[in-house]
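Let's take a walk through this one together, a few side chains and helices at a time. Have the viewer open and follow along.

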Protein chains: 2
Amino acid sequence: MKKPQDAYHHGDLRSSLVEEAVRVIEREGLDAFSLREVARRVGVSPNAAYRHFEDKDALLSAVAAHGLGMLSRRMREAIEAVSVRGAGPRAIANLRATGRAYVAFALAKPELFRVTFGRQASPPGPDQTCTNGEPDPYRVLEGCLDALVEASVISPERRAGAELFAWTTVHGYASLALGGGPLASLEPLEPVLDLVIDGVLGPSATSARKPAAKR
Amino acid sequence: MKKPQDAYHHGDLRSSLVEEAVRVIEREGLDAFSLREVARRVGVSPNAAYRHFEDKDALLSAVAAHGLGMLSRRMREAIEAVSVRGAGPRAIANLRATGRAYVAFALAKPELFRVTFGRQASPPGPDQTCTNGEPDPYRVLEGCLDALVEASVISPERRAGAELFAWTTVHGYASLALGGGPLASLEPLEPVLDLVIDGVLGPSATSARKPAAKR
DNA sequence: TCCCGATGTTGACAGCGTACACATTCCGAG
DNA sequence: CTCGGAATGTGTACGCTGTCAACATCGGGA
């Protein structure tokens, strides 16, 4: 009576493989990840994976999609934790919350974050595919900015560049915090978020923001 | 009579290995890179590399250092192309030029850029090691911001967060442009640079910037 | 001159991704 | 109920990889 699309012999391999792959990558690093290792841990033969993924790279892509879904969920949870009803400056707090959640996710699951965003080939379709039914993180950001427009905090035309700018800055902070550059031991996030919000809101509203939250 | 530190049997292997590795990575992707492949192309046995690099990862780190040096050079060249004498708003143009050069490098050599910044382990020392005598890119940015302070365009305290913010935004743009996220087919850079400069200069000087350059 | 250390080579091993052929299990048509 | 094909998992094999140990070669200082 259960209807998951693949629960035949093993009972939802594919999902098991993806989850185990996420675990290996996050706990022992991307270098420790191999098809054979994951299959071994799941308890199937190495080639079983080929019934569900064309090759190793396809499995990695599935891992990336999984990571995207997790990130998206955390951003939405962060929003909900801030506002039950959202309007006015609450919308600004939401935007800030998503940024914080984004960086927190990168720091909490650095290897997964790298796999999620460090890949060249992503589905060329308009939106990324996420593992859960989650909307992809970009849509969450769009929601935040739409709310700002609806609450008349920013003008529609100012919204135009906002998505790119906000995403870009927060993603850059996360990337650099993960260790590549000389900013590895990093300065606090909040001042950066202040500048992001200033940039999004525009020069007029500079001090309309709430004082930076603690931490 | 020549004194390069290692020009014995082969004549500066190590450098040859690094350069060939850069070539392979940039032309055929990181996946096509292997110790054996690089050694093969250079014309030495696979194990010759082990006289110069502890393991594959060490060679990759050398590639990353090489990439850092290239990036740094391009940023400095971009500055020189803008200003023979630098002061006042010229310093702002310099900052913008480094940002443009940073993104241009990432787009021109995407695989190399990924290797350069996508690594977890970097030398823990205060500054990254570059291949050429180049200062690392972070120092170049510091130079730009110092010039802004010296020219009294920004206050010293405003400079504090500026390095992180500027680097972060430009690096994020470059990373996203390389294809991970949904911003792959990307919106123009200049408006983002406008916002970066606004953020660095502070809310007072919003329209002090020059109109965005063409292209 | 000769010898030692730096450099490069050869051979070997385990682990990897993956192709091919085979075994098992599920499910619907008769 | 049976039975056959499709879906799923296994066994075996191949070439490639990173790396180790032992050996060969060279060049410069005693």
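Start in chain B, where Phe113(B) and Phe117(B) share helix α5 (residues 110-117), sitting four residues apart, about one turn of the helix. Helices here are DSSP runs of H or I with at least four residues, strands are E runs of at least two, and both are numbered from the N terminus. Before going on, some ground rules: this is a predicted model, so local features need pLDDT of at least 70 and side-chain atom pairs count only at pLDDT 80 or more, while totals for chains, interfaces and linings use all residues. Residues are numbered from 1 along each chain as its sequence is written, chains are lettered from A and ligands numbered from 1 in the order in which they are written, and side-chain values use heavy atoms, with hydrogens and water left out.

How do the rings of Phe113(B) and Phe117(B) sit? Their centres are 5.1 Å apart and their planes at 50°, so the pair is tilted. Rings of Phe, Tyr and Trp (its six-membered ring) pair if their centres lie within 6.5 Å; planes under 30 degrees apart count as stacked, over 60 as edge-to-face and the rest as tilted. Phe113(A) and Phe117(A) also belong to an aromatic cluster with Tyr102(A), Tyr138(A) and Trp167(A). Over all chains, a search of the whole structure finds 11 aromatic pairs.

Staying in chain A, look at helix α2 (residues 35-42). Its buried residues are Leu35(A), Glu37(A), Val38(A), Ala39(A) and Val42(A). Their cover includes α1 (15-28) and α3 (56-82) of chain A, contact meaning heavy atoms within 4.5 Å. After α2(A) comes Gly43(A), with a positive phi near 95°.

Where α4(B) meets α8(B), residues Ile92(B), Leu95(B), Arg96(B), Gly99(B) and Arg100(B) face Glu190(B), Leu193(B), Asp194(B), Ile197(B), Val200(B) and Leu201(B).

Conventions
Buried < 20%, exposed > 50% of the residue type's maximum accessible area, 1.4 Å probe, protein only.
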